[in-house]
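Hi,

Here is the structure I said I would pass on. Have a look at it first, and then read my notes below.

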Amino acid sequence: MQADLAILPDYPLQALNTFGIAARARAYLKLDSVARLAAVMADPALAAMPRLLLGGGSNVLLTGDVDALVLHMAIMGRAIVGRADGCTLVRAGAGENWHEFVQYTLAQGLGGLENMSLIPGTVGASPIQNIGAYGAEIKDSFHSLTAYDLATGALRSMDGAACRFGYRDSIFKHAEGQGLVIVDVTFALPDAWTPNLRYAELAQAVMDAGLAAPSAQQVSDMVVAIRRRKLPDPAVIGNAGSFFKNPVVSSEQCQRLLASHPALVHHAQADGTEKLAAGWLIDQCGWKGKGIGQAGVYPKQALVLVNNGAATGADVLALAQAIQADVLARYGVALETEPVFI
Ligand SMILES: Cc1cc2nc3c(=O)[nH]c(=O)nc-3n(C[C@H](O)[C@H](O)[C@H](O)COP(=O)(O)OP(=O)(O)OC[C@H]3O[C@@H](n4cnc5c(N)ncnc54)[C@H](O)[C@@H]3O)c2cc1C
């Protein structure tokens, strides 16, 4: 192994995952440049090791110790890099904190990302599951990204079509995207910005504040306030945000469910399908505030599983599986998990 790479053996990961699961990695490297990544891949012993790329650790569930070299993304930098089609192009290194980057764009007078304020994690992970909140997804403001191809050592520029964004999905969650490390992401933020108040709770908050024409910064502040009210702060109680995706079902299935469960929470999608509120389904099964071992369902939001102290990955898995089984038995709906299981 190359001595200058500062690989740290048997590294504790508890502080590097927002669930706060106590697990250890076989080895750890802070990845602060593409050159360092290239050096890892040029070292036969390191290149042969299993690898785990980690950003903020806010969308992973560590199910045990990680028998791999953890590459901790820390490529920094952010700047306005150009203009295209009435938009300003802003780029950030993959290791930049997402919320701080959103605040940076707002400070430049650029709107577009404000509805996604306070989502934990890094800029580099934002395309992985096409992060979204309050009626916006990054695919709406995405321009391109640079990815390092671990197989060839080449840098690839990818536009939105190449990333194949979907609901909490992209190419990076599938086999074709597995060997790609995102090193920077560029967003296109429009001159002609208008607030996106499609999400009823946000629109209501803006109205309650008496803001007829809110600025992007004001929308961001409202989003932050709503999120602080509703979601547990990982610094206080370990969690990975929504543990399940909202299931998308056919309109026929939704109608059948409504016939027996008239209060079913559902949102019509542009393609005719219906998105069901997974939190409502879990709540109806009586799971809110309950748990297994040290893993629990957050009392204020059933979509969020929490670490009540010393939860293991196995506790969280057992709880998730019990919830999935109950929702399937009662509603015939299969809940998919959102975090990446490691
Ligand atoms: C309290 C809370 C609230 C949340 N709210 C939301 C929300 O509203 N909307 C939402 O969409 N998500 C939400 N999340 C989930 C999470 O914040 C996002 O998925 C975030 O983008 C994860 O970033 P990360 O850097 O922590 O990724 P990590 O958890 O470190 O990694 C996630 C996955 O991406 C891979 N990865 C990370 N960086 C890179 C890279 N540079 N290149 C290639 N692969 C990479 C990892 O290998 C892993 O498979 C929430 C999480 C928490 C804890």
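**What I found**

Cys285 counts as buried because its relative accessibility is 17%, where buried means under 20% relative accessible area, exposed over 50% and partly exposed in between (1.4 Å probe, protein chains only). Before I go on, a word on the source: this is a predicted model, in which local features need pLDDT of at least 70 and side-chain atom pairs count only at pLDDT 80 or more, while totals for chains, interfaces and linings use all residues. Residues are numbered from 1 along each chain as its sequence is written, and side-chain values use heavy atoms, with hydrogens and water left out.

Back to the cysteines. The structure holds zero disulfides, a disulfide being a pair of cysteine sulfur atoms within 2.5 Å. For Cys285, the nearest cysteine sulfur belongs to Cys254, 16 Å away. Cys87 is in no disulfide either, and the nearest cysteine sulfur to it, that of Cys163, is 17 Å away. Cys87 is buried too, because its relative accessibility is 14%.

Now the ligand. How many residues surround the ligand? There are 34, and the closest are Leu53, Gly55, Gly56, Ser58 and Thr122; a residue belongs here if one of its heavy atoms lies within 4 Å of the ligand. By class, this shell has 18 nonpolar, 13 polar and three charged residues. (Ala, Val, Leu, Ile, Met, Phe, Trp, Tyr, Cys and Pro count as nonpolar, Asp, Glu, Lys and Arg as charged, and the others, Gly among them, as polar.) Strands β3 (51-54), β8 (132-133), β12 (180-190) and β13 (238-242) each supply at least two residues of the shell. Helices (H or I, at least four residues) and strands (E, at least two) are DSSP runs, numbered from the N terminus.

Some polar contacts to look up (pairs of N or O atoms within 3.5 Å; within protein, one must be able to donate a hydrogen and the other to accept it, and residues adjacent in sequence count only if both atoms are side-chain atoms):

- A polar backbone atom of Leu53 is 2.6 Å from an oxygen atom of the ligand.
- A backbone N or O atom of Pro120 is 2.9 Å from a ligand oxygen atom.
- A polar side-chain atom of Arg227 is 2.8 Å from a ligand nitrogen atom.

On its own the ligand has 980 Å² of accessible area, and the protein covers 93% of that (Shrake-Rupley method, 1.4 Å probe; for residues, only the protein chains shown count as cover).

Two other buried residues are worth a click. Asn307 sits in strand β19 and is buried, with a relative accessible area of 6%. Its side chain reaches the backbone oxygen of Phe19 at 2.9 Å. Leaving aside neighbours within four places in sequence, Asn307 is in contact (heavy atoms within 4.5 Å) with Phe19, Gly20, Ile21, Ile237, Gly238 and Gln294.

Leu303 lies in the loop between β18 (295-297) and β19 (304-307), and counts as buried at 10% relative accessibility. Beyond its neighbours within four places, the contacts of Leu303 include Phe243, Phe244, Asn246 and Ile282. Leu303 and Asn246 are 57 residues apart in sequence and 9.0 Å apart in space, C-alpha to C-alpha.

Lastly, the backbone. Ala6, in the segment before β1 (8-12), has a positive phi of about 50 degrees although it is not a glycine. Arg164, in the loop between α4 (160-163) and β12, also has a positive phi, near 50 degrees. Ala6 is partly exposed at 45% relative accessibility, and Arg164 is partly exposed at 46%.

Cheers
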